[in-house]
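I'm opening the notebook on this one. Entries follow in the order I looked things up.

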2 protein chains.
Amino acid sequence: MKAHIEDTSIVFIGAGNLATNLASALYHAGFGIAQVYSRTQESAQLLANKVSTKCTTDLHGVTKQADLYIVSLTDSALMQLLPAIVAGKPNALLVHTAGSVSIDVWKGHANRYGVLYPMQTFSKQREVDFGKVPFFIEATTEKDTTLLKAIASTLSEHVYVATSEQRQNLHLSAVFANNFTNHMYALSAELLKKHHLPFDVMLPLIDETARKAHQVEPHSAQTGPAVRYDEEIINKHLSMLCDTPDTQQLYELISKSIFHHKQ
Amino acid sequence: MKAHIEDTSIVFIGAGNLATNLASALYHAGFGIAQVYSRTQESAQLLANKVSTKCTTDLHGVTKQADLYIVSLTDSALMQLLPAIVAGKPNALLVHTAGSVSIDVWKGHANRYGVLYPMQTFSKQREVDFGKVPFFIEATTEKDTTLLKAIASTLSEHVYVATSEQRQNLHLSAVFANNFTNHMYALSAELLKKHHLPFDVMLPLIDETARKAHQVEPHSAQTGPAVRYDEEIINKHLSMLCDTPDTQQLYELISKSIFHHKQ
């Protein structure tokens with residue numbers, strides 16, 4: 001490890017939502033970002049500007065001198081580009097940031113490798129405060145585990161070592177807690193829009209639902225017609241959804257699932 | 001209207017989660033709660049103690065002298081008890097608090113009636129801050145509308161007049177934003193528990209998902225495998241859920257719905 005952890009030079013491969021947020025946070029924490037690669041010039045340049053570095057759209061043009069390569073691509077792009085990513089970097093540590101991908105994806109390709117998974121939802125419009133974001137890290141040696149821990153700890157108080165299997169279960173759980181939850185918001189917003197009602201009125205309820213999860217186990221916190229299986233209300237709601245059969249089917253299935261989980 | 005709105009004497013019919021939170025809030029705002037009715041002695045006494053009043057478990061023992069009766073019962077109990085509730089109170093204002101029930105439920109039974117619907121999720125363990133809770137009110141005369149508005153305004157800055165149809169659509173939308181969202185949390189918690197992972201690590205993600213809804217339209221904020229229809233991850237997740245076929249079916253249906261809403 002360097003005398004100062006911030007002296008670790010980092011290259012970002014990918015400039016999507018996660019890479020943008022993570023690179024900016026590391027940059028502001030004092031790390032030097034040596035370079036940014038993205039398939040498209042616009043994304044590469046945008047992120048490079050944010051972290052005062054140079055960029056490339058050519059994987060073969062990526063510097064071979066960095067200490068750490070943080071690869072943040074879609075799972076399929078990662079698989080496809082892996083040989084070009086690892087080429088000529090026998091001593092560097094290479095990590096991906098995907099919840100869903102095993103550490104073994106690197107096996108046989110790289111000498112030093114691992115995973116750095118910040119479990120959060122990222123968008124380019126919102127800057128995420130990493131202080132409370134849990135990081136799940138994995139490496140093949142104690143030295144690399146320590147290095148990744150030290151880097152993540154400059155951003156967050158919540159850094160854990162997790163196996164690929166644990167991380168994949170965390171990722172699946174996060175799909176429910178984030179993507180599916182957000183879709184419930186989207187369906188709610190769609191219904192309100194259809195009836196010319198503002199989505200803003202729903203925000204205090206959304207906030208309280210999230211706050212309650214800090215205090216009461218979600219399973220015990222359940223209220224509403226489904227947990228009582230109040231057929232009169234459920235049937236009325238189903239009839240109100242008759243012009244959107246997909247949403248109607250979702251309403252019915254989720255209501256049944258709520259009721260079955262009660263028992 | 002009384003010289004001071006807080007001089008309006010209020011009886012609560014029902015002592016469930018909503019009644020408990022609303023009665024306490026009105027009591028702390030300076031209103032006198034004249035009496036509490038509940039079917040069970042324990043609930044009736046518990047709420048009566050909180051708001052320094054007397055209670056009864058006999059509907060015929062409810063005082064006939066109050067100005068306002070706030071009826072907070074399950075929809076079916078409301079229907080069943082309605083004749084006994086209205087009996088002997090020709091001059092009082094009677095309101096229910098249900099999102100799903102039309103104002104017309106009172107028609108032909110009471111002279112002065114309406115609805116006072118605070119759109120929030122209530123539990124007895126958590127005291128809700130009413131300041132941001134939207135209230136939707138409805139009455140048959142301008143005088144009663146003004147009275148309900150004035151009462152709700154002592155608790156919240158967000159008081160709206162809404163028709164029964166609007167309120168029913170708000171309630172249906174709230175089922176998605178609250179009950180169904182909470183079920184996504186519960187399924188996430190269940191998965192984590194099965195793999196001996198703590199639910200606490202999910203809270204920063206849950207909080208950010210809710211916060212993001214304040215700033216980005218949920219439909220545009222969607223991320224994750226479903227919105228890209230990343231079949232490799234989706235199929236892997238489905239196989240990880242193979243021992244809980246109901247949850248597996250939900251995962252598939254919600255993922256398809258996310259993808260279809262993108263188009």
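**Entry 1: a lysine and its partner**

I started with Lys193(A), which is exposed at a relative accessible area of 60% (exposed is over 50%, buried under 20%, partly exposed in between, with a 1.4 Å probe and protein chains only). What does Lys193(A) form a salt bridge with? The partner is Glu217(B), with the closest N and O atoms 4.0 Å apart (a salt bridge needs a side-chain nitrogen of Lys or Arg within 4 Å of a carboxyl oxygen of Asp or Glu). I noted that the pair joins two chains, because Glu217(B) lies in the loop between helix 6 and helix 7 of chain B and Lys193(A) in helix 5 of chain A. Helices (H or I, at least four residues) and strands (E, at least two) are DSSP runs, numbered from the N terminus. Glu217(B) itself is partly exposed, at 45% relative accessibility.

**Entry 2: ground rules**

This is a predicted model, in which local features need pLDDT of at least 70 and side-chain atom pairs count only at pLDDT 80 or more, while totals for chains, interfaces and linings use all residues. Residues are numbered from 1 along each chain as its sequence is written, chains are lettered from A and ligands numbered from 1 in the order in which they are written, and side-chain values use heavy atoms, with hydrogens and water left out.

I checked confidence next: chain A has a mean pLDDT of 95, and 99% of its residues reach 70 or more (pLDDT is the predictor's confidence in each residue, from 0 to 100). For the complex, the predictor gives an ipTM of 0.92 and a pTM of 0.92.

**Entry 3: the other lysine pair**

I then looked up Glu217(A), which forms a salt bridge with Lys193(B), closest N and O atoms 4.0 Å apart. This pair also joins two chains, since Glu217(A) sits in the loop between helix 6 and helix 7 of chain A and Lys193(B) in helix 5 of chain B. Glu217(A) is partly exposed at 44%, and Lys193(B) is exposed at 59%. There is a network too: salt bridges that share partners join Arg126(A), Glu208(B) and Arg211(B).

**Entry 4: the interface**

In contact terms (heavy atoms within 4.5 Å), 85 residues of chain B meet 86 residues of chain A. The two chains bury about 8,500 Å² between them, 65% of it on carbon and sulfur atoms (buried area is the accessible area, 1.4 Å probe, that two parts lose on being put together, summed over both). Arg126(B), Phe176(B) and Leu205(B) supply 8% of the area that chain B buries against chain A, more than any other three residues.

**Entry 5: helix 6 of chain A**

Helix 6 (residues 203-212) of chain A is mostly covered, with 8 of its 10 residues buried. Those buried residues pack against helix 5 and helix 7 of chain A, together with helix 5 and helix 6 of chain B. One of them is Glu208(A), buried at 3% relative accessible area. Glu208(A) forms a salt bridge with Arg211(A) at 3.2 Å between the closest N and O atoms. The two are 3 residues apart in helix 6 of chain A, about one helical turn. Arg211(A) is partly exposed, at 43%.

Glu138(A) is in strand 7 (residues 135-139) of chain A and is buried, at 12%. Its side chain makes a polar contact with the side chain of Arg167(A) at 2.7 Å.

Last, Tyr229(A) has a positive phi of about 40 degrees although it is not a glycine. Tyr229(A) is in the loop between helix 8 (225-228) and helix 9 (231-240) of chain A, and is partly exposed at 24%.

How values were computed. A polar contact is a pair of N or O atoms within 3.5 Å; within protein, one must be able to donate a hydrogen and the other to accept it, and residues adjacent in sequence count only if both atoms are side-chain atoms.
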